[in-house]
Amino acid sequence: MIVKPAWVRPLAWIATALALGVIVFGAFVRLSNAGLSCPDWPTCYGRITWPVHHAAIAAADAAFPQRSVAVHLAWREQVHRFIAGTLGVLVLLLALGAVWRQRGPRYAVIVAALAATAGVWLYMGGEHVYSSALAGIAIALPLLAAWWLCRAAPWKVLSVTLGLIIFQAMLGMWTVTLLLKPAIVTSHLLGGLATFALLAYAALRLSGVGTRAARARRLLPWVVLGLVLLVMQIALGGWTSTNYAALACGTDFPLCAGSWWPALNFHQGFILWRDIGANYEGGVLDESARAAIQMTHRIGALIVFVYGLLLAWRAARAGLRPQGIVLALLLCAQVLLGIGNVMLGLPLDVATAHNAGAALLLFTMVWLLAATQRPPAQREF
C-alpha cells in the first residue's frame with residue numbers, strides 16, 4: 001500500500017482544522033473552570049461518557065467523594081477528550097501515510113500506536129510504571145521514524161506530530177492528576193498549539209506553498225524571530241491564565257490596580273515548578289505575584305504587536321501581501337480582545353476568542369514561514 005499525496009493533503013487540512021477546534025474548545029473548558037470536572041482519566045467518574053441520571057450521579061459521588069458530579073461541567077471536559085482522541089486517530093493515519101513506503105519507519109509507527117494503546121489500558125488498571133514506560137516508547141518511536149525516513153520534511157513532520165500528540169495525551173492526564181498544576185497546564189496548551197502548527201506546516205507544504213522570489217525568501221530569518229516572539233507571548237498568556245492572573249490588575253487598562261507600576265513580585269510569579277499535591281484550581285499566588293505575571297504579559301504583547309506590524313509591512317512589500325494583511329488584522333484584533341478581557345472582567349466568550357486569536361496568529365506565522373521557503377520539488381514527494 002502506498003499512500004499518495006493527493007490522499008494525505010486533504011486529511012492534513014482536516015486534522016489542522018480539528019486541532020484548532022481542540023485548542024479553542026480546550027480554552028473554553030479551562031476558562032469555564034471545567035478542567036477538573038472529571039476527576040479521573042481517561043474516563044469520567046469511571047465512565048466512557050459522564051454521569052447523567054440520578055442513580056449514576058449518586059454512584060459517582062460515592063466513588064469520588066473528593067469531587068461531586070457537576071454535569072454541566074463534566075460533559076465539557078469529556079467531549080474535549082473525545083475531540084482530542086479523534087485528532088489523535090487522524091494524526092496516526094497521517095503518520096502511517098508518511099512512513100508507509102519505508103519498512104523500518106512503518107514498523108516504528110505501528111509499534112508506537114500499539115504501545116500507546118497498551119499504555120492507556122495499563123494506566124486504567126493501575127499499572128502506572130509500566131504504562132509510563134510504554135508511553136515513553138510510544139513517544140520516542142515516531143521521532144526515530146522521522147529521523148529514519150527518506151522523504152521530504154513535511155512527511156517527517158507528520159511522524160513527529162504523532163509522538164507529540166501522544167505526549168499531549170500524557171500532559172492531559174497529568175493536568176487532572178496533578179490538579180491543574182500551572183507548569184503542566186501551560187505545557188499542555190503549548191503542546192496543543194505545537195501540534196496545530198506542525199499539522200498546518202505539513203498541510204501548507206504538501207499544498208505547494210513556497211516562493212522562488214529571492215526578496216521574499218530573505219524575509220525568512222525575520223519570520224523565524226517573529227515566530228519565536230509569538231510563542232513566548234503565547235506561553236506568557238498560558239501562564240497568566242493557569243495562574244488566574246488575567247484580572248490581577250482589576251479592570252484597569254492601561255493602569256494596573258490604579259497605578260502604572262504597582263507592587264510586583266516577579267520571583268513568586270515565575271516559579272515554574274511548585275509543590276505536588278496542592279490543588280491549583282483558582283490559583284495559589286498572592287496579588288503582587290499575579291500582577292507581575294499580568295504586567296509581563298502586557299509588555300510582551302506590546303513587543304509582539306510592534307514587531308508583528310513591522311513584519312506584516314515587510315511581508316507585503318516582499319510580495320506576500322495576503323499574509324501581511326492577515327497578520328496585521330489579527331494583531332489588532334488580538335490586542336483589542338486582550339484589552340476587552342481586562343476591561344469587561346474576563347467574559348467567557350471574549351476570553352475564548354482571545355485564545356482562538358492566538359492560534360490564528362500562530363497559523364499566520366507558520367503560513368509566512370512556509371511562504372518564505374523554496375517551493376517543494378515534486379520529486380520530494
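Q: I'm taking buried as under 20% relative accessible area, exposed as over 50% and partly exposed as in between, with a 1.4 Å probe and protein chains only. Is W41 buried or exposed?

A: W41 is buried, because its relative accessible area is 16%. This is a predicted model, where local features need pLDDT of at least 70 and side-chain atom pairs count only at pLDDT 80 or more, while totals for chains, interfaces and linings use all residues. Residues are numbered from 1 along each chain as its sequence is written, and side-chain values use heavy atoms, without hydrogens and water.

Q: How many aromatic pairs does the structure hold?

A: The structure holds nine aromatic pairs. Rings of Phe, Tyr and Trp (the six-membered ring for Trp) pair if their centres lie within 6.5 Å; planes under 30 degrees apart are stacked, over 60 edge-to-face, and the rest tilted. Helices here are DSSP runs of H or I with at least four residues, strands are runs of E with at least two, and both are numbered from the N terminus.

Q: Is Y123 buried or exposed?

A: Y123 is buried, since its relative accessible area is 14%. Another edge-to-face pair is Y45 with F64, at 5.4 Å centre to centre and 85° between the planes. Y45 sits in the loop between α1 and α2, F64 in the loop between α2 and α3, and 19 residues separate them. Y45 is buried at 5% relative accessible area, and F64 counts as buried at 17%.

Q: Which residues do ring pairs link into a cluster?

A: The cluster consists of W13, F196, F363 and W367.

Q: Which residue other than glycine has a positive phi near 60°?

A: Y45 is one of them, and L346 is another. Y45 is in the loop between α1 and α2, while L346 is in the loop between α12 and α13. L346 is partly exposed, as its relative accessible area is 30%.

Q: Switching to α4. What should its 22 residues span?

A: Helix α4 (residues 103-124) should span 32 Å, and its end C-alpha atoms are 32 Å apart, which agrees. The expected span is 1.5 Å times one less than the number of residues. Among the buried residues of α4 are P105, R106, V109 and Y123. Their cover includes α3 (71-99), α5 (128-148) and α6 (153-177). G126 follows α4, with a positive phi near 90°.

Q: How many residues of α7 are buried?

A: 20 of the 25 residues of α7 are buried, so the helix is mostly covered. Just after α7, G208 has a positive phi of about 85°.

Q: What volume does the second largest pocket have?

A: The volume is about 1,000 Å³.

Q: How is a pocket defined on the grid?

A: On a 1 Å grid over the protein atoms alone, a pocket is an open set of points with protein on both sides within 12 Å along at least five of seven lines, whereas a cavity is a set where a 1.4 Å probe fits but cannot get out; lining residues have an atom within 4 Å of a point. Points are joined across faces, edges and corners, and the volume is the space filled by probe spheres set on them.

Q: Which element gives the most to that pocket's lining?

A: α11 gives the most to the lining of the second largest pocket, with nine residues. By class, that lining has 27 nonpolar, 13 polar and two charged residues. Ala, Val, Leu, Ile, Met, Phe, Trp, Tyr, Cys and Pro count as nonpolar, Asp, Glu, Lys and Arg as charged, and the others, including Gly, as polar.

Q: Last one. What is Q323 in contact with?

A: Leaving aside neighbours within four places in sequence, Q323 is in contact (heavy atoms within 4.5 Å) with T364, W367, L368 and A371. Q323 lies in helix α12 and counts as buried at 6% relative accessibility.
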